[in-house]
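Subject: Handover of a structure

Dear colleague,

Please find the structure below, together with its sequence.

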Amino acid sequence: MNLPSFIWLWKIAAWSMGLSILAYLLLAVTGVWMFNARNQSTSQPTWLRSLHYLLGASLVSLVLLLLAIGIVGTLGHFGSLGHSSHFGAGLAVVGLVLLSGASSTLIGIMPWARPLHIGTNITLFIGLVWVSLTGWNVVQKYLP
């Protein structure tokens, strides 16, 4: 397949990755804010939890979009998947984001859900660094 026709796809991927990192950072800020308010028995703004959920849903959507772009782009260019460690890093991040999102829905119901959610998000930081570094190597393959 002719790679230049995929440039628009890589632009969407670049923006999606940047927005994913921004969403993760904003989630970290709002999550720490909620954590501190809960532990210090102070009130949090009523909009904070809604914003945190909205950012989380955005992160899940962006990561799934990146997964789709990665699969379509790699299959279109190489004809198969798994040409670099970026594939494993991407799948790990997708799994962590989905686990984080799923565990967030159980926080008020199951006592183990909050520590799982927080631990997953800490691990997700490492995953995002890994997928960013391996992604940079992949980008170098596609640039002229």
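Predicted model: local features only at pLDDT ≥ 70, side-chain atom pairs only at ≥ 80, totals over all residues.

Residues are numbered from 1 along each chain as its sequence is written, and side-chain values use heavy atoms, with hydrogens and water left out.

Helices are DSSP runs of H or I with at least four residues, numbered from the N terminus. Helix 1 covers residues 7-39. Its buried residues (under 20% relative accessible area, 1.4 Å probe, protein chains only) include Leu9, Trp10, Ala13 and Ser16. Just after helix 1, Ser41 has a positive phi of about 55°.

Helix 2 (residues 46-78) packs against helix 3 (residues 85-104) at an angle of about 150°, and their axes lie 10 Å apart. Axes are lines fitted to C-alpha atoms over the stretch in contact, with angles from 0 to 180 degrees between N-to-C directions. Helix 2 is therefore roughly antiparallel to helix 3, a term for angles over 145 degrees.

In this contact (heavy atoms within 4.5 Å), Tyr53, Leu59, Val60, Val63, Leu64 and Leu67 of helix 2 meet Leu91, Val93, Val94, Val97, Leu98 and Ser104 of helix 3. Of these residues, 11 are nonpolar, 1 is polar and none is charged; Ala, Val, Leu, Ile, Met, Phe, Trp, Tyr, Cys and Pro count as nonpolar, Asp, Glu, Lys and Arg as charged, and the others as polar. Val93, Val94, Val97 and Ser104 are among the buried residues of helix 3.

Technical notes: Helix = DSSP H or I, 4+ residues; strand = E, 2+ residues; numbered from the N terminus. Parallel < 35°, antiparallel > 145°, perpendicular 65-115°, else oblique. Expected span 1.5 Å × (residues − 1). Buried < 20%, exposed > 50% of the residue type's maximum accessible area, 1.4 Å probe, protein only.
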